[in-house]
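Please read this briefing alongside the sequence and the coordinates.

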Amino acid sequence: MNTFLLGGNIKRMRKVRGFNQQDVYAASAISRQAYSNIENGKSEPKTSTLIKIAQVLDADIKDFFVEPVKFHSIRFRTNKIKTQKDKMKKEEILTNLSFWLNNYNYMKEIINDKQVYYLRNFNNLIPNELAKKVRKKLKLDNDEPIYDICNLVNKLGIKIFLFNCDLDKCFGFSIGKDDEGPVIAVNTFKDISIERQIFTIAHELGHLLMHKNSYKPELIEEQVNEEKEADQFAAHFIMPNECFKKELRKVSGLHWIDQILHIKRIYKVSYQTVLRRLIDLNLVDRNIYRDFAVQFKKQYHKDLKKHFEPYSVEPEGMLKSDFVNDRLNKLVRIAYEKELITLNRASEILNLPLIEMNELTSSWNEIKYAAN
Amino acid sequence: MLQIDKSLIFDANILIDFYRISKEIFKFLYDLSVIMKVSDVTFLKVEQINESELENLHIEIIESPAKMLFESANRIKSSLAFDDYVSFLHAKENNFILSTNDKTLKTYAQSQNVDSLWGLEIILFIEINNKISKEKAIKLFEKLKKVNNRITDDIEKEFLKILFE
């Protein structure tokens, strides 16, 4: 039994949750020394003690025993992560990702899902051209909005992992093919708008295609050029110029504020993405950000100025239902219905309490799965 | 004749299923001198029952050694959940009967030569031992079918066949 592993995991989970040692040992009714010995790997605690600690930390006891994983092909720019707590949050995200990824690949394997990564040979193109090419590959019409980005990116053989973490300015990251990926990880923290989450997927897709050599764990500094290219790719992937102009012409009779809101609703992008495109196309000047906020407040009585990136407020914002990532659910459903996994295992993979998992499986019977 | 001659260890689902359909099942098993156990980590999954209730139902919580938890937590490719595997290991190491309503877990246990028992077999056992009538057994079956969506018509036929044999 690796007591250092156990202690390290408990320590990480405690710090991520913002507890000090005293919070935990007092609530778990164990002595300071005993708790300290556990964290430092100096003792092998009884399971009953670990259960108490898990309850205080609101953690799954299983996670105390999981061996950490090292990703070798990862693009996670963390130069803004300074504190020990944030470093541990990053570690926890990666541990959870590793568990999720193992389960995802195992589900694929047992149901014989052959989906592979399609875009390995796309490179050396400027972002706008690449965005066009990827859209073409996905058989999207030039003026077709992307209704379901998760499903679309899944079709390319890229997995989407959602995590929820209050980690400053971390919207997402990605894992390369060599680590059983590719995976795009998206932060769904409550203050990050759905529009931003959608954009993050497209942004990381850009990195996966254009910056393959940047998938190194030791690189933590953001490269301004790479970020700019990924942003350009994302904007043109979600909202190609041709259709942007076409949509704008269609609503040219509306007040200019409503034209922008109309476009943002169609393409599920932030209002700032629409403003940026208007600037890029020389259709407005750079004062548009200020003018939009002033005029929007006048028209809709909501102040956008008080909210700045990363947690900007979206006028006419998207709903959770605009951003659904259900691929793993589908794999689990197939595996469960073929009796390849237990109900309990399904609940573990989807991170649902057993009773909710039972209700979910019952609900699956209401509409039969239209398999191929 | 159906016999339970060793301790039973429940998985999480069967514990929840029986608790939802009739707590009396546990009482009848106790009356028939069946020793009932659940692993500590399985019990954590069962939010509906607290420790004193479990005690009243005469179900003993057994502590899992850290080594067992470590082994169970690091099985990457597994059809079983962490606590399914812990229950399986307890059954294997202590010669218990693993009681489950999950075919995948039962099949795994059988493949490893660990005795296992369906929830429906437990209902049949308490009927055979005159703790409940055949009508009551059918009622329990129907209740179980409502909460367990994997009970098929074939299973129902088999259950009724054995019940009226």
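Two strands pair if DSSP finds at least two bridges between them. Helices (H or I, at least four residues) and strands (E, at least two) are DSSP runs, numbered from the N terminus. This is a predicted model: local features need pLDDT of at least 70, side-chain atom pairs count only at pLDDT 80 or more, and totals for chains, interfaces and linings use all residues. Residues are numbered from 1 along each chain as its sequence is written, chains are lettered from A and ligands numbered from 1 in the order in which they are written, and side-chain values use heavy atoms, with hydrogens and water left out.

**Sheet in chain A**

- Strand β3 (residues 172–175) and strand β4 (residues 183–187) of chain A pair in the antiparallel sense, over 4 bridges.
- A:Ile175 has A:Val183 in β4(A) as its bridge partner.
- Chain A has an open sheet of 4 strands, ordered β1-β3-β4-β2, with mixed pairing.
- Its edge strands are β1 (74–75) and β2 (159–163) of chain A, and each pairs on one side only.
- Helix α5 (residues 84–110) of chain A packs on this sheet and touches β1, β2, β3 and β4 of chain A. Contact here means heavy atoms within 4.5 Å.
- The direction of α5(A) makes about 145° with that of β2(A). Axes are lines fitted to C-alpha atoms, for helices over the stretch in contact, and angles run from 0 to 180 degrees between N-to-C directions.

**Sheet in chain B**

- In chain B, 5 strands form an open sheet in the order β3-β2-β1-β4-β5, and the pairing is parallel.
- β3 (59–62) and β5 (116–117) of chain B are the edge strands, each pairing on one side only.
- Strand β2 (residues 36–39) of chain B runs parallel to β3(B), and the two pair over 4 bridges.
- B:Ser39 has B:Ile62 in β3(B) as its bridge partner.
- α6(B) packs on the sheet, touching β1 (8–10), β2, β3 and β4 (97–99) of chain B. Its direction makes about 175° with that of β1(B).

**Interface of chains A and B**

- The contact takes 34 residues from chain B and 34 residues from chain A.
- The two chains bury about 3000 Å² between them, 53% of it on carbon and sulfur atoms. Buried area is the accessible area (1.4 Å probe) that two parts lose on being put together, summed over both.
- B:Phe70, B:Asn149 and B:Arg150 supply 19% of the area that chain B buries against chain A, more than any other three residues.
- There are 2 salt bridges between chain B and chain A. A salt bridge is a side-chain nitrogen of Lys or Arg within 4 Å of a carboxyl oxygen of Asp or Glu.
- B:Lys103 and A:Glu339 meet through their side chains in a salt bridge (3.2 Å, N to O).
- α1 (12–21), α3 (40–45), α5 (66–73), α6 (82–94) and α7 (103–111) of chain B each supply at least two residues of the side that touches chain A.

**Salt bridges overall**

- Over all chains, the structure holds 29 salt bridges.
- A:Arg333 and A:Glu337 form a side-chain salt bridge (3.0 Å, N to O). Both lie in helix α14 (residues 327–337) of chain A, 4 residues apart, about one turn of the helix.

**Local backbone**

- A cis peptide bond joins A:Gly181 and A:Pro182, with omega about 0°. A:Pro182 lies in the loop between β3 and β4 of chain A.
- A:Ala29 has phi near 55°, a positive value in a residue other than glycine. A:Ala29 is in the loop between α2 (21–27) and α3 (32–39) of chain A.
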